[in-house]
Amino acid sequence: MSKDLFKEFKEHSVAEFFRKNKHMLGYSGKVRSLTTIIHELVTNSLDACEEAGILPDIKVEIEKLGSDHYKVAVEDNGPGIPLEFIPKVFGKMLAGSKMHRFIQSRGQQGIGAAGVLLFSQITTGKPLKIITSTGDGKIYEVEVKMNVEKNEGEIVSKKVRKGKWRGTRVEGEFKEVSYNRGEFGPFEYLRRISLATPHAKIILKDPYGEVVFDRVVKELPKKPEEMKPHPYGLTTDELLYIARKTKSKKVSSMLVSELSRVTTKRIKELEKYLLRDLILKKFKDSVFWSMIIQCYLNIDIDKYLTKFKDYLSSEEIDTVKMLIANLPESLDELKRYALKYITMEYLFSKLNKEEINKIKNHFKKIPENFMEWAEKNYLSASVVEELNKKIKNIVKPPEEFIATIKKKGLISDEELKKLEKDVKNILNKNPKELTWDEAEMIVNSLQSMEFMAPPTTGLRPIGAENIEKSLKEFLNPDFVKAITRNPKTYRGGIPFAVEVAIAYGGNAGRQSDEGRRMEIMRFANHVPLLYDASACGLTKAVKSINWRRYGLRGEDAPITVFVNLISTFIPYTSAGKQAVACSENENEEIYNEIRHALMICARALEKYLSRIRREAEEEKKRKYVMKYAKIFAEALANILNKPVDEIEKRVIELLSK
């Protein structure tokens, strides 16, 4: 019976998987599919030009051949593609130069160009035509198809001619696609990517005519530099991957050469943290474990569980005891509960018994929900900061921990020397011999240490000045304010930066039947995100702002909000890469940065609107007074027995001041 179940069991190639799941690549819906084709080819061209230090000139041609049948061509002035790489660039899934690099990039997986060929092939059966030259005097015209079963590109025809041109042109036919100039199509995509790439010139020739999105900046942005992984963003699997690839002969030298912010001096410090964790491992499941934990932690969790036993669920008490039994691996999880308990202790010291009983049910909430409730109702910002400081120092430093257990006679000098030797052996061994348990211990120890934030040389912002130039050129607004925030990190060690801008008036906002309304332009690493707006954290951050507070009628205003998230790793919600995962509870560092940046821009807009309204009111008053200036002048002239014209002139001069 079991053999029958596996008769149809067979291996599939990556290309075959995506052929049956093309929606995962963004090929779902006729307009969206065409937009995805344009996106993949244009971003490849932009990346190639920027990598080669060339100001991008890109031509996009969209020609209608029939019902839901279009020919697309994208041409650039980039460095060209050597002949031997053409089948790999366009015909092989998951092949590229970006996936292994810790650097900001528009593309990452090596799917884009191959996905375009695959979509052409499964909707028309035709190959892609590639015309390319590296400027060596030879221009190649190549037709490429994909062998789906083998996940390989195959050249089906090739021509070579002489010429001085340099660049790449990709031509293909596609069915099951549709084109219009609506807000979710290729036109809007190119409009937005030109805003986010002010140094590029993009020409679109479509069934409606020709549009030029000209460059507004004549200089290429500074190239991002490849970065090393930061200890705070490291996982056990990643460390083992590095260990397999490194040229270092020892684990210690590998950590220094392959990770950011790790020096020889920090390795000495790491030895102490590893020694502490080996001691914990030695005593785990022993009768001395509770005593060891008292030496390890700066707060007594068991005391809190006893003190608050009438206010906590039995499930929570069991969970916390399990976390204590699994230290140090469970430390981050334990911190969540520890913060809850020291907050409860603070509330118990401030509230009387009657008040405590009124809020008793709130104490059974999970830590995040409890803290949200407590911060909203009882805690000031300074108190929250003080409580978080206590949690940050929940564990004793290794030296203090070791001194304490020695003082209590829990470990002998001989045992310590043996464990110190074990630490040396781990750090001196060949990285390729590193075991999962040893790698996990190193990662946990590194993440217990204090490190500077990772360098941000791998990030390349558009720049506030360039964003303002782009918005002024394309929207002709009455007001524009852009800001590029200083880089920060999320998930412990992944660097990111946020750029936002607000444009008001002119052509800002999107046209609706009721007039112009708020338009949100979302970008990730300079790439427009047109779809899945409601599921995107960038949208949620924009909508979380109380715009009325800044002098607007909510979203019923002629305003364009521009948000660009740049990072070495964008936390997309899905493989479609159209929505970013961030909120108050997930990647909250990104969410909060967007909000702070937007509020800075909104305050500048509020000042502008206040000045405009003040000037309008003053003008209205002036016109009202001027209306009666002649009557006033006539009456005054009769009293003073002077000419009316002279009096009226003096009155107007006074009112104009």
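Biologist: Is the crossing of helix 3 and helix 5 left-handed or right-handed?

Modeller: The crossing is left-handed. That means the near helix is turned anticlockwise from the far one by less than a right angle; clockwise would be right-handed. Helices (H or I, at least four residues) and strands (E, at least two) are DSSP runs, numbered from the N terminus.

Biologist: Before we go on, what kind of model is this?

Modeller: This is a predicted model: local features need pLDDT of at least 70, side-chain atom pairs count only at pLDDT 80 or more, and totals for chains, interfaces and linings use all residues. Residues are numbered from 1 along each chain as its sequence is written, and side-chain values use heavy atoms, leaving out hydrogens and water.

Biologist: Back to the pair. At what angle do helix 3 and helix 5 pack?

Modeller: Helix 3 (residues 30-51) and helix 5 (residues 112-124) pack at about 140 degrees, and their axes are 9 Å apart. Axes are lines fitted to C-alpha atoms, for helices over the stretch in contact, and angles run from 0 to 180 degrees between N-to-C directions.

Biologist: Which residues in helix 3 meet helix 5?

Modeller: Ser33, Ile37, Glu40, Leu41 and Asn44 do. Their partners in helix 5 are Gly112, Ala113, Val116 and Phe119. Contact means heavy atoms within 4.5 Å.

Biologist: New topic. Where is lysine 284?

Modeller: Lysine 284 is in the loop between helix 9 and helix 10 (289-296). Lysine 284 counts as partly exposed, because its relative accessibility is 25%. Buried means under 20% relative accessible area, exposed over 50%, partly exposed in between (1.4 Å probe, protein chains only).

Biologist: What is lysine 284 in contact with?

Modeller: Leaving aside neighbours within four places in sequence, its contacts are Trp289, Ala325, Asn326, Leu327, Pro328 and Glu329.

Biologist: And the peptide bond from leucine 327 to proline 328, cis or trans?

Modeller: That bond is cis, with omega near 5 degrees. Most peptide bonds are trans. Proline 328 sits in the loop between helix 12 (314-325) and helix 13 (331-350).

Biologist: Is histidine 526 buried or exposed?

Modeller: Histidine 526 counts as buried, because its relative accessibility is 2%. Histidine 526 also has a positive phi of about 75 degrees, although it is not a glycine.

Biologist: How about asparagine 476, buried or exposed?

Modeller: Asparagine 476 counts as exposed, at 54% relative accessibility. Its phi is positive too, about 50 degrees.

Biologist: Last one. How many helices and strands does the protein have?

Modeller: The protein has 24 helices and 16 strands. Of its 657 residues, 48% are buried.
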